[in-house]
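Good morning, colleagues. Please turn to the sequence and the structure on the screen.

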Amino acid sequence: MPAVTPVLDRLLELSHQLGREERKLAILGEGNTSARAGEGTLLVKASGSNLATLTAAGVTECRMDGLVGMLHERSLSDAEVDGGLFTSRVDPKARKPSVEAVFHAFLLTLPGVHFVGHTHPVAVNRLLCTRHAPAFARRRIFPDEVVCCGPESVLVPYTDPGLKLAQAIRRAVQAHVRRTGFSPRVILLENHGLVTLGATPEAVLVATLMAVKAAEIFGGAAAIGTPRFLSRSQVARIAGRPDEHYRQKALGL
Ligand SMILES: [Zn+2]
């Protein structure tokens, strides 16, 4: 499949970047990545493979409509979800995609989203396990956080991984788009982890690394005193500033 090869290479490189041990974003089989591939398909990490050492054999091409269709089912048993994951594969000999492939497929249908990265960063999860999670999602602390992570993140209340989580992510993202008028770059899963979206693998990586940095700064500020956030108008100004648009473009966001 020559048409898919460049996307696969970019997806593997993104996975290796997110899996770097010293970044503390994911260990063992944690996290997953995906990309829009051919006509109506996506490439997604297979269940159980490792981000740091991911190879083409650990990536499965799936049909988007098969996965997105499951979001509209009120309730499916685990066996039915597994069946849906298996039948969504383009190549029936490919490995089973991660159960999180369902939310990846949904996010890849959003305008301008071509790559998605999901990790469990220590610094972000530390905050998502506290009462500070809503402020971390809604507010911004420094300008580059606005540039790389967008003016606001989506916060998804804790839900067990699987189809229910994918449905909760869809609900929260749709509510966010209705309220703010823009697609998110960062989605925070309470007591679970981080999802970042972008047009390029670089945008996904930058949003991940900047969300981690923001979490570290937020945590440090909360330990010293009360965090002081940028005002709404400061955030809006930075999000709309022409030179910041230039920087976003230069960073491939
Ligand atoms: Zn996860």
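I begin with a definition: donors are N, O and S atoms within 2.8 Å of the metal, or 3.2 Å for Na, K and Ca, and since water is not among the atoms, sites may look incomplete. This is a predicted model, in which local features need pLDDT of at least 70 and side-chain atom pairs count only at pLDDT 80 or more, whereas totals for chains, interfaces and linings use all residues. Residues are numbered from 1 along each chain as its sequence is written, and side-chain values use heavy atoms, leaving out hydrogens and water.

Which residues coordinate the zinc ion? His118, His120 and His192 do, each through NE2, at 2.1 to 2.2 Å. Their spacing in sequence is H-x1-H-x71-H. His120 lies in the loop between S4 and helix H5 (122-128), and His192, 72 residues apart from it, in the loop between S6 and S7, so the pair links distant parts of the chain. Helices (H or I, at least four residues) and strands (E, at least two) are DSSP runs, numbered from the N terminus. Buried means under 20% relative accessible area, exposed over 50%, partly exposed in between, with a 1.4 Å probe and protein chains only. His120 counts as buried at 19%, and His192 is buried at 9%.

I turn to the sheet. Seven strands form an open, mixed sheet in the order S3-S2-S1-S4-S7-S6-S5; two strands pair if DSSP finds at least two bridges between them. Strands S3 (59-63) and S5 (154-156) stand at the edges with a single partner strand each, so one side of each has no neighbour in the sheet.
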